[in-house]
Amino acid sequence: MSIATISAPRGTSDVLGEQARTRSYIQQLAADLLQDAGYQRIETPTFEATQLFARGVGAATDIVSKEMYTFTDGSGRSLTLRPEGTAPVCRAYVQHGLHRRPQPVKLWYASSFYRYERAQKGRYRQFTQIGAEALGSDDPTLDAECIVLMHQLLSTFRCRNLRLRLGSLGSTATRASYTQLLQEHLRAHHASLAPEVADRIELNPLRAFDSQHPGTLAVLATAPRLLDHLQPHDLEHFRTVCALLDAASVPYEVDSTLVRGLDYYQRTVFEFTSDALGAQSGVGGGGRYDGLVQQLGGPPTPGVGWAAGIERILLAGEVQPPQPPPLELYVCVEPPTRGGDVEGTPSGGARVGRGSHHQGVAFELLLAARAARIRAEIELARRSLKGQLNQAHKRRARFAAIVGEGRPLLRDLRDGSEEQLEPQQLLTRVLAARERA
Ligand code: HAM
């Protein structure tokens, strides 16, 4: 009877080999950029109380209404695999009293997130975001800093045809009164709208701006614009962000229809898109969420941040990690002569044969090499000596050490020369070759 094999769940993938290396490199470059800008790493739990996202992200959003991986634990608590990182960071800010630290508190993360979405290219059920959150300042310079950092990061990864869309949603009150205006407009043109847009007029009319439906687009072309309804201080804030981006030579398009799929945004919102991504054009996005910390039980605290998906960076960009440094030493072991390895003794114990002795010496040599920071590996597949040397060549090792009777033999795999050396001398020789390289 054959046993069925098990594959990774739909929308998830294993990260192997070259891809794993590229992803680590992306994270390393992000860490360097963000840490140099004063952001400190934060790690929050993979799962949180479901309530955090219901309250923080918004019950009417797609994420909360249909995309969360929610489960009940053994104690009957409702928990959810994090679908995004901003609400958890704000929860941690409140929980650890970070408002008592000098403000703003600037944090970054590289974490996995989970959304039950229809999986397709660029859209997965488990994905990884690099994100940055800055809490405790409403200075528009911080908005500009965030956007410039994200732009630098995506440019470093050479994301193709990058566009930055920038907008402002104003305050919650502005958005509420604007929402009413928009609802009136949509109701008046109800018959021309896509059915899913018409269905959401009462619940979430702003999402109409995400539609590509021709009738909806025509209705929206004559709709009132949120940017025209901003309060003077919000408009001033937005203008300052734009001026700072101009000064930083970061190109952007003001887009009064930019809506993001999370409810916590106020004032600045932005999104970087790349047409290399097709339907999933967002490489990353973010904005200001000045009310979120308070909504989660903390003191009134402004905040702004962004996140970019590593999988989308990989699709939209060209990331070439440097080649890992080559192996320097491959430790080979003379195979035991037939029947001459571990031998039984009359008392039932085992006497260690020569082969095992050589294995022990080889292992010691390996550890001494690693202690000297030599990149070394040891034979682990019981190959013949010829097979081991072939393997050393395949692994592009600089030297092979052959451990057998007497002192180990060091073979230079470039010119084939060989020399028997004491272990310490052997290591010195390998290190000297590195110096000359
Ligand atoms: P978001 O726009 O939902 O924002 O996600 C940010 C980025 O995560 C997207 O632009 C995309 O690159 C990636 N992403 C989202 N969903 C998927 C998916 N199913 N598969 C692959 N990649 C995906 C947020 O999550 C906010 N927390 C960003 C933020 C931080 N706003 C303020 N601070």
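This is a predicted model: local features need pLDDT of at least 70, side-chain atom pairs count only at pLDDT 80 or more; totals for chains, interfaces and linings use all residues.
Start inside. Select Leu182 and Leu186, the residues with the most contacts within the largest nonpolar core, which has 46 residues. Then colour helix 4 (residues 86-95): its 5 residues are the largest share of this core. Go back to Leu186 and show what surrounds it. Beyond its neighbours within four places in sequence, Leu186 touches Leu193, Ile201, Pro205, Ala208, Val219 and Leu220. For a second, separate core, pick Ala31, Leu149, Val241 and Val283, which are among its 40 residues.

Now turn to the rings. The whole structure holds 6 aromatic pairs. Select Phe47 and Phe71 and look at how the rings meet: the centres are 6.0 Å apart and the planes stand at 75 degrees, so this pair is edge-to-face. Phe47 belongs to strand 2 (residues 47-49) and Phe71 to strand 3 (residues 70-72), 24 residues apart. Phe47 is partly exposed, at 42% relative accessible area, and Phe71 is partly exposed at 33%.

Tyr69 is in the loop between helix 3 (62-66) and strand 3, and Tyr116 in the loop between strand 5 (105-114) and strand 6 (126-135), so the pair ties together parts 47 residues apart in sequence.

Finish with a cluster and two charges. Tyr109, Phe113 and Phe127 are joined by ring pairs. Last, show Arg41: its charged end sits over the ring of Trp108, 4.8 Å from the centre.

How values were computed
Residues are numbered from 1 along each chain as its sequence is written. Side-chain values use heavy atoms; hydrogens and water are left out. A nonpolar core is a set of buried Ala, Val, Leu, Ile, Met, Phe, Trp, Tyr and Cys residues joined through side-chain atoms within 4.5 Å. Buried means under 20% relative accessible area, exposed over 50%, partly exposed in between (1.4 Å probe, protein chains only). Helices (H or I, at least four residues) and strands (E, at least two) are DSSP runs, numbered from the N terminus. Contact means heavy atoms within 4.5 Å. Rings of Phe, Tyr and Trp (its six-membered ring) pair if their centres lie within 6.5 Å; planes under 30 degrees apart count as stacked, over 60 as edge-to-face and the rest as tilted. A charge sits over a ring if NZ of Lys or CZ of Arg is within 6 Å of the ring centre and within 35 degrees of the ring normal.
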